[in-house]
Amino acid sequence: MALCVFALIASEFMPVSLLTPMAADLGVTEGLAGRGIAVSGAFAVLASLSIASVAGRMDRRTLLLGLTGLMCLSGAVIALAPNYATYLAGRALIGVVVGGFWSLSAATAMRLVPGPQVPQALAVFNGGNALATVVAAPLGSYLGAVIGWRGAFLCLVPVAVVAFAWQWVSLPPLPAGPRAAGSANVFRLFQRRAVRRGMLSVGAFFMGQFMLFTYLRPFLETVTRVGVSTLSLMLLGIGVAGAVGTTAIGALLKRSLYPTLAGAPVTMALVAVALIAWGSQGTAVAALLGAWGLVATATPVGWWTWVARALPQDAEAGGGLMVAVVQLAIALGSTAGGWLFDASGYQSTFAAAAGMLLVAAVSVVFTARADPSAAAGAQAGP
């Protein structure tokens, strides 16, 4: 499962490190190429909201294998795409996989291991995410320079095939649980005020993150003016910092969940503003991107921890709603960022990202006030 997460995240965000050559080859602007991420996000939303009702009582092992096979197909379609429309079709396929696979991930972890080991299992899943963040962007940039962006995408196909074979051998039968029918209506969870506010916080966070992150390569090439090798090193720095943050955030979340969730977007907003001010200075940009990776990669672990706390009895429904909100936010963020980038340059894109991240931080404060467990903890404290 962790290997499949690695291949999935690498497939989803590979365009970030290959945006410039993809746009040139497909004959579109960088903003339009970046909207391929928005397309995958839109289809991930549809998949996450409908996967429980569509799958019904299907064995979850069969469903996970089918989604992994679809990921293999998506990589081949994107790599061999003769035009922009075919590229978008491939992105739509990977969106379906993202929505379906992530919606089932928490519930699957809860069924594969005993209850006390569920947090460790989720950490292993997020380890696949962190590894993809470390490897995918710099490796994609390097492979794009050596064998072209199409070759870089083709390299993901055998990884997905290995993940499929490994899951085929190792996953036990996973018949649909007794709550499968109820999980089909994920919108019922919005009846809870804490859930409404929390999902607003999640959406604002990911929208702000991907308004900036999607257009990082053209910023580095045109403003910081780095070459391919330096670009790969900077992207690697983001990934390494993200792996460190993912490892360290667990201790923070145990002590202070909501302060951590609020502080992360504030830090990222400050980085976005600093990139506008010092974007032409390579050393400063490298340090700022390291801080961005440290926080941005680790924060989703915090939000999955929040989901486990807020919706412990609704694993599939909560996972589906979370993925839908995240992917919708990514789609909106990358699209809005693309419009701003094409219309008025990186300054407006980065400034808008900073504003949205501050909205996320404020929303976290209101989420904490609506969370009964947080209020109880505060009353029980010294």
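Which residues of the largest nonpolar core touch the most other members? Before I answer, please keep in mind that this is a predicted model, in which local features need pLDDT of at least 70 and side-chain atom pairs count only at pLDDT 80 or more, while totals for chains, interfaces and linings use all residues. Residues are numbered from 1 along each chain as its sequence is written, and side-chain values use heavy atoms, leaving out hydrogens and water.

A nonpolar core is a set of buried Ala, Val, Leu, Ile, Met, Phe, Trp, Tyr and Cys residues joined through side-chain atoms within 4.5 Å, where buried means under 20% relative accessible area, with a 1.4 Å probe and protein chains only. The largest one here has 118 residues, and those touching the most other members are Phe153, Leu216, Phe219, Leu220 and Leu275. Helix H1, residues 2-26, gives the most to this core, with 15 residues; helices are DSSP runs of H or I, at least four residues, numbered from the N terminus. Taking contact as heavy atoms within 4.5 Å, and not counting residues up to four places away in sequence, Phe153 touches several residues, among them Met14, Leu18 and Ile78.

Let us turn to helix H13, residues 299-310, whose twelve residues reach 17 Å from first C-alpha to last, close to the 16 Å expected at 1.5 Å a residue, that span being 1.5 Å times one less than the number of residues. Its buried residues include Trp303, Trp304 and Trp306.

By contrast, Leu233 in helix H10 is exposed, with a relative accessible area of 59%, exposed meaning over 50%.

Note on methods
Helix = DSSP H or I, 4+ residues; strand = E, 2+ residues; numbered from the N terminus.
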